[in-house]
Amino acid sequence: ARKIIIDTDPGQDDAVAILLALASPELEVLGLTTVAGNVPLALTSKNARVVCELAGRSDIRVFAGCEAPLTRQLVTAEHVHGKTGLDGIALPDPSMPLAEGHAVDFLIETLREEAPGTVTLCPIGPLTNIATAFQKAPDIVERVAEIVLMGGAYFEVGNVTPAAEFNIYVDPEAASIVFKSGVPLVVMPLDVTHQALTTRARVEAFRNLGTRVGHAVASWTDFFERFDMAKYGSEGAPLHDPCTIAYLIEPDLFSGRHINVEIELEGRFTAGMTVADWWRVSGREANAMFIGDVDADGFFALLTERIGRL
Ligand code: BDR
Ligand code: CA
């Protein structure tokens with residue numbers, strides 16, 4: 001199984017991504033690292049454990065990480081995810097403790113201990129923890145197999161500002177460090193996630209699993225939808241973060257281009273924008289596989305089948 005660390009700020013879509021990973025024998029989850037993003041760190045660290053316990057996996061280690069972006073004030077998204085970050089269904093408080101130590105140190109130690117090129121990082125929140133680890137221990141950078149992250153946008157442009165996607169916008173300095181790191185990157189931008197829509201039928205399929213986990217996933221996606229459907233006028237809400245995990249399990253569901261992506265740090269209107277050279281006009285070297293399309297039916301079939309295993 002492929003070894004992964006999920007760096008996350010749950011968030012309903014983060015929660016579904018974590019469940020998908022825990023349900024999939026192709027992946028070995030070495031640990032979860034939490035970051036401030038959708039809600040403050042104390043809540044994302046709590047929510048990550050709520051999700052592990054829902055999956056019956058209190059053995060998974062959850063490490064709390066950075067509580068604020070590298071240089072900026074934290075921006076959160078309660079308007080999308082609710083006050084708890086996981087609104088939609090009331091689940092019991094976790095009884096499993098946080099793992100001891102800082103998420104950044106866990107990332108560094110794990111990458112040093114495991115054989116080079118065997119650990120994949122899956123960031124689905126702001127990139128603060130990953131960038132901090134790379135800055136603190138530059139020797140680990142070349143040991144990372146791959147980074148498969150959710151963030152950015154090209155044709156779909158922005159969701160938190162007209163120009164920027166949330167995960168990149170919250171900590172563009174961190175994103176820039178990661179995009180310049182030289183680690184092979186796969187990026188799931190809004191262009192892809194806005195194709196992975198939770199239609200009525202897809203949400204019902206989760207509910208019809210008839211399991212506690214299926215019910216939770218349906219309730220979360222229902223909640224999420226209330227906000228997003230009004231915003232985008234689409235048939236359902238985009239299920240962003242699980243796209244990264246689905247890519248690790250079934251990469252053929254996705255297609256994209258290997259291109260140069262730079263992070264805008266200064267723009268008056270465009271801070272946090274992913275300047276993606278889709279048409280390859282800049283002459284700058286490619287640094288990311290920027291995904292543009294997903295087979296949405298295939299994605300939901302995989303997701304529903306896996307959620308059904310929990
Ligand atoms: C991203 O922002 C968060 O609100 C979601 O969890 C996802 O990671 C989408 O822009
Ligand atoms: Ca997220």
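Student: Before that, what sort of model is it, and how are things numbered?

Tutor: This is a predicted model, in which local features need pLDDT of at least 70 and side-chain atom pairs count only at pLDDT 80 or more, while totals for chains, interfaces and linings use all residues. Residues are numbered from 1 along each chain as its sequence is written, and chains are lettered from A and ligands numbered from 1 in the order in which they are written.

Student: Which way does E9 run against E12?

Tutor: Strand E9 (residues 254-259) pairs with E12 in the antiparallel sense over six bridges, with Phe 254 opposite Val 294; pairing here requires that DSSP finds at least two bridges between the strands.

Student: And E6?

Tutor: Strand E6 (residues 185-188) runs parallel to E12 and is joined to it by two bridges, and Val 186 has Met 289 as its bridge partner in E12.

Student: Switching to H2, how many of its residues are buried?

Tutor: In H2, 12 of the 14 residues are buried, so this helix is largely enclosed by the rest of the structure; among them are Lys 46, Asn 47 and Arg 49.

Student: What is its span?

Tutor: Helix H2 (residues 41-54) reaches 20 Å from its first C-alpha to its last, close to the 20 Å expected at 1.5 Å a residue, where the expected span is 1.5 Å times one less than the number of residues. After H2 comes Gly 56, with a positive phi near 75°.

Student: Last topic: which residues come nearest to ligand 1?

Tutor: Of the 15 residues around ligand 1, the nearest are Gly 11, Asp 13, Ala 77, Phe 166 and His 240, where near means a C-beta atom, placed from the backbone, within 6 Å. Helices H1 (12-22) and H6 (166-170) each supply at least two residues of that shell.

Technical notes
Helices (H or I, at least four residues) and strands (E, at least two) are DSSP runs, numbered from the N terminus. A residue is buried if 20 or more other C-beta atoms lie within 10 Å of its own, exposed if 12 or fewer, and partly exposed in between; C-beta atoms are placed from the backbone.
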